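Please look over the protein model shown here. The report below goes through its overall build, its charged pairs and some local features.

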Amino acid sequence: MKEPLTSPAESNPETSAGANVNSKFYIPSLDGMRTVAFLIVFLSHARVSELLPGGFGVTVFFFLSGYLITTILRREYDSYQTIDFKLFYTRRILRIWPSFYLVLCLGAALTILGFIQGEINLSAFLSQCLHYNNYYTIFSANGTTPGSGVYWSLAVEEHFYLLFPLLYLTLRKMRITPRRQMLIFWGLCLVALLWRCLQVYGFGASSERIFYATDTRLDSILFGCALGVNNNPMLDKQYYSNKMWNYFLLPIGIMLIIFSFFYRSPEFQQTFRYTIQGIALYPIFITAIRFPSWGLFPLLNLKWMRFLGVLSYSLYLVHYTVIFAVNMYLPQLHKFMQAGISLLISVGLAYTIYQLIELPVGQLRKKFSRT
């Protein structure tokens, strides 16, 4: 499971490479949340514990992507009464593709040359290049660089970027109120839940079919979109009191997340889990942004947490292949040692990519921004 997700492919529009951290739209807590999401994914892939819900880290990235993309589009429309699709897609391409294709091609080259054990299948490799790897993974045998399977979630996000801006512009042109926009997105989330239930209970779909497919996972992004259009903690006034959020709604969100982890029914895991997690992330995101000094939220604003959050996109791209390579070359080490070495190497690679690619491209991307 980044302007950087942040999926990791999208992030705060003011926390991208070269952004002004003094802007009122820079939210340090979101960088910290990216770090938490990445570490969940990383520790799951490193097999530090079989209980770690790695898929939840991707769900957090999805929610964050939907929220921030919607916030970007909303600010643009509020300022110009339209959305410039050419500029939007230029920014998306500059944000995602340079690091995306660098890591993908480098991993494939190392595999072909024998430095990483594996075999490259051209059709599988093309599915990653052309952003339909999530469906390819469901219906075909793998044939990609070991560890590059994380590209499935980026395919889901690319599909979202392709469809959502037009939907949002249509809603704004129709003068639909923010509250009704939110209800429409919630309705689409309900449709996705019913579709998952039909797939699982009616057609006996596999867990892979549900987990990877855009049509069964898009609601994880749409929940973030719903927050972006109404009760947006970056743009809108606060509903309810501080105590209501901190002592009632936030604990409910946390309890729902915990419940989704420990209720292990396979059918529930493939259907209602994603919906419950999407609902639960609402109060968590709102309180983290509105009350960054409350409870444990200051941890999200620690310097090293924000640093890793800025690197989270590149970290997401490289970490799983690094884990595979470390396990291959250092099999004698304890899994905790392997995980530590993998994390250090991943951070080094991600920082290099950030300095050589993301920063200079980020400066270029700013020229295509309207807000």
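**Basis**

This is a predicted model, in which local features need pLDDT of at least 70 and side-chain atom pairs count only at pLDDT 80 or more, while totals for chains, interfaces and linings use all residues. Residues are numbered from 1 along each chain as its sequence is written, and side-chain values use heavy atoms, with hydrogens and water left out.

**Overall build**

The chain has 15 helices and zero strands; these are DSSP runs numbered from the N terminus, with helices being H or I of at least four residues and strands E of at least two. A compact globule of 371 residues would have a radius of gyration near 21 Å, and the chain, at 20 Å, agrees with that. The radius is taken over C-alpha atoms, and the globule rule is 2.2 Å times the number of residues to the power 0.38. Along the principal axes, the C-alpha atoms fill a box of roughly 55 × 50 × 40 Å.

Of the 371 residues, 56% are buried. Buried stands for under 20% relative accessible area, exposed for over 50%, and partly exposed for values in between (1.4 Å probe, protein chains only). The accessible surface of the chain is about 16,300 Å², and carbon and sulfur atoms account for 68% of it. Accessible areas come from the Shrake-Rupley method with a 1.4 Å probe, and for residues only the protein chains shown count as cover.

**Salt bridges**

Side chains of opposite charge can pair when their charged atoms come close. The structure holds eight salt bridges, a salt bridge being a side-chain nitrogen of Lys or Arg within 4 Å of a carboxyl oxygen of Asp or Glu. The table lists some of them.

| Asp31 | Arg34 | 2.3 Å |

Asp31 and Arg34 are three residues apart in helix H1 (residues 28-45), so about one helical turn separates them. Both Asp31 and Arg34 are buried.

Asp78 and Arg74 lie four residues apart in helix H2 (residues 54-80), which is about one turn of the helix. Asp78 counts as partly exposed because its relative accessibility is 41%, whereas Arg74 has 11% and therefore counts as buried.

Glu76 is buried at a relative accessible area of 1%, and Arg91 is buried at 5%. Salt bridges that share partners join Arg74, Asp78, Arg172 and Asp236 into one network.

Arg91 and Ser265 are 174 residues apart along the chain, and their C-alpha atoms are separated by 41 Å. Gly107 is also found in helix H3 and is buried, with a relative accessible area of 9%. The C-alpha atoms of Gly107 and Ile353, 246 residues apart along the chain, are separated by 14 Å.

**Helix H12**

H12 bends by about 25° at Leu281, and Pro283 follows within four residues. The bend is the angle between axes fitted to the seven residues ending at a residue and the seven starting there. H12 is mostly covered, with 17 of its 19 residues buried.

**Surface patch**

Tyr239, Tyr240, Met244, Phe248, Ile252 and Met255 form a nonpolar surface patch with about 620 Å² of accessible area together. Patches are made of residues with over 30% relative accessible area and no salt bridge; like charges are joined within 9 Å, and nonpolar side chains (Val, Leu, Ile, Met, Phe, Trp, Tyr) within 5 Å. Phe248 lies in helix H10 (residues 242-262) and is partly exposed at 46% relative accessible area.

**Positive phi**

Most residues other than glycine have a negative phi. Arg175 has a positive phi of about 60° although it is not a glycine. Arg175 is in the loop between helix H6 (151-173) and helix H7 (178-202) and is exposed, with a relative accessible area of 74%. Asn231 has a positive phi near 60° and sits in the loop between helix H9 (214-229) and H10. At 11% relative accessibility, Asn231 counts as buried.
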